[in-house]
Amino acid sequence: MRKVAVYGCGMNQFGMYEGGLVQMMAEVSLAAMDDAGVDKVDAVFVGNMGGGILNHQTGIASALVDCLSLYPAAAMLIENGPASGGAAVSAAFMAVASGLYDTVLVTGGEKMRTVSPWEVTDFVATLTHPEAEYIYGITLPALAGMFTRLYMEKYGVTAEHLAKVAIKNHLHALHNPYAHVQLAPVMEAILGSEDALVVNPYVADPLRFYDLCPVSDGAAALILSSPEVGNFKKPPVFIKGIGHATDTHTVHERKDPTDLTAVRLAAEKAYKMADLGPKDVMVAELHDPFTILEIAESEEVGFFPKGEGHLALERGDTSLGGSIPINPSGGLKAKGHPVGATGVAQICELVWQLRGEAGKRQVKDAKVGLAVNLGGFGNNVVVTILAREE
Amino acid sequence: MESKIMGYQCQKCGKIHYPFHLRCSSCGARDFELCDLPDEGVLLTFTRLSALPEGYDVRTLNLGIVELSNGVRVTGQVLTDNMKIGMKVKVTVGTVREIMGEPVAGFQFLAT
């Protein structure tokens, strides 16, 4: 198997994009190609979940190749729910590692603000089990609300802990020009004040507005290749490990509904492949469309014992400057969560961190980074480990 | 409209599944038979959802996961506002949604 590295990154500011989905993805693709200093690629792997439903366009990978005049490069779309981006990176890794392709473009993108909020909610809810969940009005926030209530009951997590995740990630995002939300809430306003119920209403109780990520348009792209292929403009950041695991479709069929077993198993596989452990990780991007998931994932990937993630958060361990900064980019919570883009954007952030290009949100001397990209409510998870050294 | 929702019992190891699978999650066997599900259970967790997807004309929905008296778990709508973890519920089947103008039957949980 060849060594595989990321040589180029490109991303737009998440939020509202005026043009079309393919144009948005093409722009970040060019940014990644320029970053790596390449003008052609052998294959294009696209992560997108909702082009067909949200934008009434299918065949997104073919359209992207055409927009960039990259034909006859191979092109394929990977739809894997909110883990589409991570899965596209994984597929590109396999392609380069195997020697099938030398240089590959991976682009994730989603244009979600073209439809109403309730249509977006319904679109994402189509991830749930059609007969056993979806028909009841179950949405991803609803599953997260039920998960949070159990977590609070079992481990003593409070509304303040959840708000602390939100505030931390919004503060991180103030240093990230790519982040959708560029302001940070204060605890008093979202939990303490008389207006808190208006400013921060319940969405799926106990989860409130500030516990959820915004709805964003956005795209991110990477260039993957191998040191055996040659040199590029930027130094390599190596993909050392990839773990991918699944779990039951319905949440109610899981042995313990507070476990994210697929996150734990995917992380174990990625650590084994990388020959590294949780203590080696110096920066992490964890999939936090809901504040509770950052806490739960920080435990499942082995940074903290189960049930103690919120204590580490309280100590400041997961803030910039702490022992293991989580979501220096602002995470999905503040950066935004254009579903197909997210898994690719997480890798962009880690590459910038490992290159030392992350500006004011730089984790000092970061050498190893880990990303969790989670699909469904934890039923399809990709964990990726990156490192500066071979 | 159907008034009953059935479980699927593995004919090799006896595990009861809901929803339907073609391969047993416990032993991998492929033969199943329909079986009745109990109409009593305990609320494991719940949420009041205020941001509803397209197609509802109510403001909020109470949703929960119930562990039936035989240990099988199901997701459904809770028909009381006084929800508590561990509360006993009666499980019925009623209209939970209209999709494309057609009523859809599903589990509803009533306080006992």
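Is B:Glu67 buried, partly exposed or exposed, and what is its relative accessibility? B:Glu67 counts as partly exposed, at 29% relative accessibility. This is a predicted model. Chain A and chain B bury about 2600 Å² between them. Over all chains there are 25 salt bridges and zero disulfides.

**B:Glu67 and its surroundings**

- B:Glu67 sits in strand 5 of chain B, which covers residues 61-68.
- Beyond its neighbours within four places in sequence, B:Glu67 is in contact with B:Gly41, B:Val42, B:Leu44, B:Val72 and B:Arg73.
- With B:Arg73 there is also a polar contact: the side chains of B:Glu67 and B:Arg73 are joined at 3.0 Å.
- B:Tyr8 is 59 residues from B:Glu67 along the chain, and their C-alpha atoms are separated by 16 Å.

**Interface between chain A and chain B**

- On chain A, 31 residues are in contact with 33 residues of chain B.
- Carbon and sulfur atoms give 61% of the area buried between chain A and chain B.
- Three residues of chain A stand out: A:Tyr136, A:Met146 and A:His252 supply 29% of the area that chain A buries against chain B, more than any other three residues.
- The two chains share one salt bridge. B:Arg97 forms this salt bridge with A:Asp122, and the closest N and O atoms are 3.7 Å apart.
- Polar contacts between chain A and chain B link 19 residue pairs, both residues being at pLDDT 80 or more.
- Helix 5 (117-125), helix 6 (140-155) and strand 5 (202-204) of chain A each give two or more residues to the side that touches chain B.
- Helix 6 of chain A gives the largest share of that side, six residues.
- By class, the side of chain A that touches chain B has 14 nonpolar, seven polar and 10 charged residues.

**Salt bridges within chain A**

- A:Glu294 and A:Lys168 meet through their side chains in a salt bridge, at 2.9 Å from N to O.
- A:Glu294 lies in helix 11 (residues 291-300) and A:Lys168 in helix 7 (residues 159-173) of chain A, so this pair ties together parts that are 126 residues apart in sequence.
- Both partners are buried: A:Glu294 has a relative accessible area of 3%, and A:Lys168 has 6%.
- A:Glu357 and A:Lys234 form another salt bridge, at 3.3 Å from N to O.
- Here the partners lie in loops of chain A. A:Glu357 is between helix 14 (339-355) and strand 10 (368-375), and A:Lys234 is between strand 7 (218-225) and strand 8 (237-246), so the pair ties together parts that are 123 residues apart in sequence.
- A:Glu357 is partly exposed at 37%, and A:Lys234 is partly exposed at 22%.
- A:Arg264 pairs with A:Glu268 in a salt bridge, with the closest N and O atoms 3.7 Å apart.
- Both of these residues lie in helix 10 (residues 261-274) of chain A, four residues apart, about one turn of the helix.
- A:Arg264 is partly exposed at 33%, and so is A:Glu268 at 43%.
- A network of salt bridges links A:Asp259, A:Arg264, A:Glu268, A:Glu300 and A:Lys306.

**Buried sites in chain A**

- A:Asn327 is in the loop between helix 12 (309-315) and helix 13 (331-335) of chain A.
- A:Asn327 is buried, with a relative accessible area of 0%.
- Not counting residues up to four places away in sequence, A:Asn327 touches A:Asn169, A:His172, A:Ala284, A:Glu285, A:Leu286, A:Asp288 and A:Glu294.
- Helix 3 (residues 60-67) of chain A has these buried residues: A:Ile60, A:Ala61, A:Ala63, A:Leu64 and A:Val65.
- They pack against helix 1 (21-36), strand 2 (43-47), helix 2 (51-54), strand 3 (74-78) and strand 4 (104-110) of chain A.
- After helix 3 of chain A comes A:Ser69, whose phi is positive, near 50°.

**Cysteines**

- Zero disulfides are found in the whole structure.
- B:Cys13 is in no disulfide either; its nearest cysteine sulfur, in B:Cys24, is 3.7 Å away.
- A:Cys9 is buried at 5% relative accessible area, whereas B:Cys13 is partly exposed at 38%.

Conventions:
Residues numbered from 1 in each chain as written. Chains lettered and ligands numbered in written order. Predicted model: local features only at pLDDT ≥ 70, side-chain atom pairs only at ≥ 80, totals over all residues. Heavy atoms only, no water. Disulfide = S-S within 2.5 Å. Buried < 20%, exposed > 50% of the residue type's maximum accessible area, 1.4 Å probe, protein only. Contact = heavy atoms within 4.5 Å. Buried area = accessible area lost by both parts, 1.4 Å probe. Salt bridge = Lys/Arg side-chain N within 4 Å of Asp/Glu carboxyl O. Polar contact = N/O pair within 3.5 Å; in protein donor to acceptor, adjacent residues only side chain to side chain. Nonpolar A, V, L, I, M, F, W, Y, C, P; charged D, E, K, R; others polar.
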